[in-house]
Amino acid sequence: MRIDSLLISRHNDLFLEKHSQSFHFLSRELSDKGIDVESIITKIQQFQVAIPSWALGAGGTRFGRFSMGGEPGDLFQKISDISIINDLTGAAGAVSLHIPWDIPENVSSLTQYARECGITFDAVNSNTFQDQADQALSYKYGSLCHTDIKVREQAIQHNIDVIHYGEALGSKSITVWLSDGSTFPGQINFRQALSRTKESLQEIYRHLPTDWRMFIEYKPYEPQFYSTVIQDWGTSHLLASACGPQAFSLVDLGHHLPNTNIEQIVATLLSLGKLGGFHFNDSKYGDDDLTVGSIKPYQLYLIFLELVSGLADPTVVNPPISYMIDASHNVKDPLEDLMQSIEAILICYAQALLVDFNKLNELRNKNEVVLAQELIQDAYRTDVRTLLREARLRKKASFSPIQCYRDNEIRNQLIKERGISNKAKGL
Ligand code: LRH
Ligand code: MN
């Protein structure tokens, strides 16, 4: 199902007059501060977030899962759902596939359909944290770190297969997240597990096409509850460095112990030129995979301050970053949840673009603590949603994506088309 662009423009007509007043007012206010509003709008329009193929159905926990109906039953329907989000937000032009949850059966018709929908393929994700029905050896005690070379070889081969799937689709990167670790003290030899993991990643790296990148995603715990081999950014970074120049760290916002300064980790990885990508989400306690910006929007803003200032710094040499969402939807309509996440990401990006970093660094060099905070919070307290709306309107996307989605009863149409029993593959 695609959204008719006429439907979007008719819906936008309802808001144009009010919008042009607030846009005119805000543009003048910002230009009076010497801010180049047009360049900010262009940057907002160019910003793209990849949608996880595993988060288009109802998520769930071990305590239960509540479907809302109309879930995508295959990869084509997932691409179609992402095209709905992209047509409404103008910022979701890519999908990140998870293998084997979303093995592309018919590559040529899938890539053609994706092209028609304006969707490209971002990083592909391997999965050696679950046993598949047809799998010879179990990953119960790990995969790339396993004590049995046979299990490690099986896991390495899976990652190589995932790269081949990605190549066929035009993807240029693979994300490796390992649940490998231990649940009880004494269970594993930390040093040997780490070195086996390094050797296995280096073997996968040898199969990486020259124009590809490998993202190593870290996580402190879950499903292991005592130790995780790739537990933090430092371990991810030493493994990426051990692999080579095409290996980078991936920052999943939910993969940090409480009160971790994630924006400092981002600044550090940028200064090392080893920041590969993000899995955006939010959390209150653990890896809750909640809507981006729903719990700690200020932290997200501080992360974008480091991204905008870091990427503008000529001394920072870091390749283009993959921005992806990794969330799970237990109580919200996945498409609405993802559109809220995209809005939160773009708001923090736009606010960070308002900051005069030369002025900020001047204040920092003078240890003007109060004025430095005033400067960054002035931008954070600026309502930039009018700029996002203007950026969308100019792209023929929706003035108000969720309202347009609701007012046109898209979910009901999906339920009519697909029924209520479909269960989308994924988390
Ligand atoms: C692990 C993780 C990883 C994915 C999975 C779906 O918690 O963040 O990125 O493979 O979620
Ligand atoms: Mn993740």
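This is a predicted model: local features need pLDDT of at least 70, side-chain atom pairs count only at pLDDT 80 or more; totals for chains, interfaces and linings use all residues.

Biologist: Okay, which residues come nearest to ligand 1?

Modeller: There are 12 residues around ligand 1, and the nearest are His98, Glu217, Lys219, Asp252 and Asp326.

Biologist: And how does that shell divide into nonpolar, polar and charged?

Modeller: Five of the shell residues are charged, four are nonpolar and three are polar.

Biologist: What about polar contacts? How far is the side chain of His98 from an oxygen of the ligand?

Modeller: An N or O atom in the His98 side chain sits 2.7 Å from an oxygen atom of ligand 1. Asp252 also puts a polar side-chain atom 3.0 Å from a ligand oxygen. Then there's His279, with a side-chain N or O atom 3.2 Å from an oxygen atom of ligand 1.

Biologist: So how much of the ligand's accessible area does the protein cover?

Modeller: 95% of it; on its own, ligand 1 has 300 Å² of accessible area.

Biologist: Changing topic: helix 4 and helix 16. At what angle do they pack?

Modeller: About 165 degrees, and their axes are 13 Å apart. Helix 4 covers residues 75-89, while helix 16 covers 410-418.

Biologist: Parallel or antiparallel, then?

Modeller: Roughly antiparallel, because angles over 145 degrees count that way.

Biologist: Is the crossing left-handed or right-handed?

Modeller: Helix 4 and helix 16 make a right-handed crossing.

Biologist: Now the backbone. Which residue is joined to Pro100 by a cis peptide bond?

Modeller: That's Ile99, and omega there is about 15 degrees. As for Pro100, you'll find it in the loop that runs between strand 2 (94-96) and helix 5 (107-117).

Biologist: And what joins Glu222 and Pro223?

Modeller: A cis peptide bond, with omega at about 10 degrees.

Biologist: Where is Pro223 found?

Modeller: In the loop between strand 7 (213-217) and strand 8 (227-228). Glu222 is in the loop between those two strands as well.

Biologist: What's the phi of Glu222?

Modeller: Positive, about 70 degrees, although Glu222 isn't a glycine.

Notes
Residues are numbered from 1 along each chain as its sequence is written. Chains are lettered from A and ligands numbered from 1 in the order in which they are written. Side-chain values use heavy atoms; hydrogens and water are left out. A residue is near a molecule or strand if one of its heavy atoms lies within 4 Å of it. A polar contact is a pair of N or O atoms within 3.5 Å; within protein, one must be able to donate a hydrogen and the other to accept it, and residues adjacent in sequence count only if both atoms are side-chain atoms. Accessible areas come from the Shrake-Rupley method with a 1.4 Å probe; for residues, only the protein chains shown count as cover. Ala, Val, Leu, Ile, Met, Phe, Trp, Tyr, Cys and Pro count as nonpolar, Asp, Glu, Lys and Arg as charged, and the others, Gly among them, as polar. Axes are lines fitted to C-alpha atoms, for helices over the stretch in contact, and angles run from 0 to 180 degrees between N-to-C directions. Helices (H or I, at least four residues) and strands (E, at least two) are DSSP runs, numbered from the N terminus. Angles under 35 degrees count as roughly parallel, over 145 as roughly antiparallel, 65 to 115 as roughly perpendicular and the rest as oblique. A crossing is left-handed if the near helix is turned anticlockwise from the far one by less than a right angle, and right-handed if clockwise.
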